[in-house]
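This report goes through contacts between side chains and the packing of helices. Please keep the sequence and the structure in view while reading.

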Amino acid sequence: MKKRFNILKFILVLILILPLLISWVPSHCFGNITPEVLKEGNYIDLLFASFKELSLTLVTTLIFAMLISILLGYLSVLSMRIGRFFSNIMNGIESVPSILIALFCYAPVSGVLARSKGNASEWVSLMVFVLAATATTLPEAVRSITIPLSDLYNRKYSVSFRSYGFPKSRILSVLMKTDLMLDTIKRVAAGILLKTLVLDTSFGFVIQVGFGTYGTPAHLSPGALIAANRGTLLFGTQGNPLFFWLPSLFLVTISVAFLIILNDNKEVA
């Protein structure tokens, strides 16, 4: 029964993140089934491009942030001195709003991005945002890994490892592979994805608002697309409100999928 429930939950999560998966399919493949209203201008192309960019941002940030989080979590338990050092750094980062961190990261390269065109500018923008998103997600991610790992190390059964002469580094490596830690890492990954999604949407919205109500999003993101079409909600304006609500709905479904994974607590002995 539990296995069947897990399968259904996996299917539900897969359905909720479909906008990210479908975005990699060329938009012209849906030409026959795409409503005519979405074909106005180049909206359908922007919709696909924004969620494709979002999926790329999420995956890149997840890989980068998880590698650093696991390494720092491991080192923090391995050495109390290292743990205190990184804890002070993380506390400083956590005290700064994530949107400001993203803006600060973009400030040094803003001139380069303004002068550059094409793929070079897009890749630089992506890398800068991934660094900013990683910085904002690290404090909670490292803490979420360090606390249960430290608790496992101080439990009675880990004492038996030490009695047989196992070094602390080896014991921690074994503990990192336990069901409890694997489940923790899974939920940490979901938290990173959710925070990155919120930051990407917020940053894209703020940047686009700075360039006016209409026009091509300056930061390719569903949030920027939403901001570019927010004027469609006003009476007497051109455009369809669907242009605003469709990406908003997709962002909600994706967020729910990450929340399902984040709240998936398993009882581990």
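This is a predicted model: local features need pLDDT of at least 70, side-chain atom pairs count only at pLDDT 80 or more; totals for chains, interfaces and linings use all residues.

Is each partner buried or exposed, or something in between? Glu140 has 37% relative accessibility and counts as partly exposed. Lys195 is also partly exposed, at 33% relative accessible area.

A salt bridge also joins the side chains of Arg143 and Glu94, with an N to O distance of 3.0 Å. Arg143 lies in helix α7, while Glu94 lies in helix α4 (residues 80-94), so the pair connects parts that are 49 residues apart in sequence. Arg143 is partly exposed, with a relative accessibility of 34%, and Glu94 is partly exposed at 39%.

How many salt bridges does a search of the whole structure find? It finds four. One of them joins Asp183 and Arg187, whose closest N and O atoms are 3.3 Å apart. Both of these residues lie in helix α10, and they are four residues apart, which is about one turn of the helix.

Asp183 has a relative accessible area of 7%. Buried means under 20%, so Asp183 counts as buried. A network of salt bridges links Asp183, Lys186 and Arg187.

## Aromatic pairs

The whole structure was also searched for aromatic pairs, and five were found. In one of them, the ring centres of Tyr43 and Phe243 are 4.1 Å apart and the ring planes are at 15 degrees. Planes under 30 degrees apart count as stacked, so the pair of Tyr43 and Phe243 is stacked. Tyr43 is in helix α3 (residues 43-78) and Phe243 is in helix α12 (residues 242-262), so the pair ties together parts that are 200 residues apart in sequence. Tyr43 is buried, with 4% relative accessibility, and Phe243 is buried at 7%.

Another pair is made by Phe129 and Phe203. Their ring centres are 5.9 Å apart and their planes are at 45 degrees, so this pair is tilted. The pair links distant parts of the chain: Phe129 is in helix α7 (residues 119-153) and Phe203 is in helix α10 (residues 179-210), 74 residues apart. Phe129 and Phe203 are both buried.

Thr196 is another residue of helix α10. Its relative accessible area is 1%, so Thr196 is buried.

Which residues does Thr196 touch, leaving out those up to four places away in sequence? They are Thr57, Leu58, Thr61, Phe129, Ala133 and Thr137. Phe129 is thus a contact of Thr196 as well as a partner of Phe203 in the tilted pair.

## The nonpolar cores

The largest nonpolar core has 24 residues. Which of its members touch the most other members? They are Leu20, Leu47, Phe51, Leu54, Leu58, Leu197 and Phe258. The elements giving two or more residues to this core are α1 (2-16), α3, α10, α11 (222-228) and α12. Helix α3 gives the most, with eight residues.

Leu58 shows what such contacts look like in detail. Not counting residues up to four places away in sequence, Leu58 touches Leu20, Leu193, Thr196, Leu197 and Phe258. A second core is separate and has 18 residues, including Tyr153, Ile171, Ile185 and Val188.

## Packing of α5 against α10

Helix α5 (residues 98-106) packs with α10 at an angle of about 60 degrees, and the two axes are 10 Å apart. Is the crossing left-handed or right-handed? The crossing of α5 and α10 is right-handed.

Which residues meet where these helices pack? From α5 they are Ser98, Ile99, Ala102, Leu103 and Tyr106. From α10 they are Leu199, Ser202, Phe203 and Ile207.

Conventions: Residues are numbered from 1 along each chain as its sequence is written. Side-chain values use heavy atoms; hydrogens and water are left out. Rings of Phe, Tyr and Trp (its six-membered ring) pair if their centres lie within 6.5 Å; planes under 30 degrees apart count as stacked, over 60 as edge-to-face and the rest as tilted. Buried means under 20% relative accessible area, exposed over 50%, partly exposed in between (1.4 Å probe, protein chains only). Contact means heavy atoms within 4.5 Å. A nonpolar core is a set of buried Ala, Val, Leu, Ile, Met, Phe, Trp, Tyr and Cys residues joined through side-chain atoms within 4.5 Å. Axes are lines fitted to C-alpha atoms, for helices over the stretch in contact, and angles run from 0 to 180 degrees between N-to-C directions. A crossing is left-handed if the near helix is turned anticlockwise from the far one by less than a right angle, and right-handed if clockwise.
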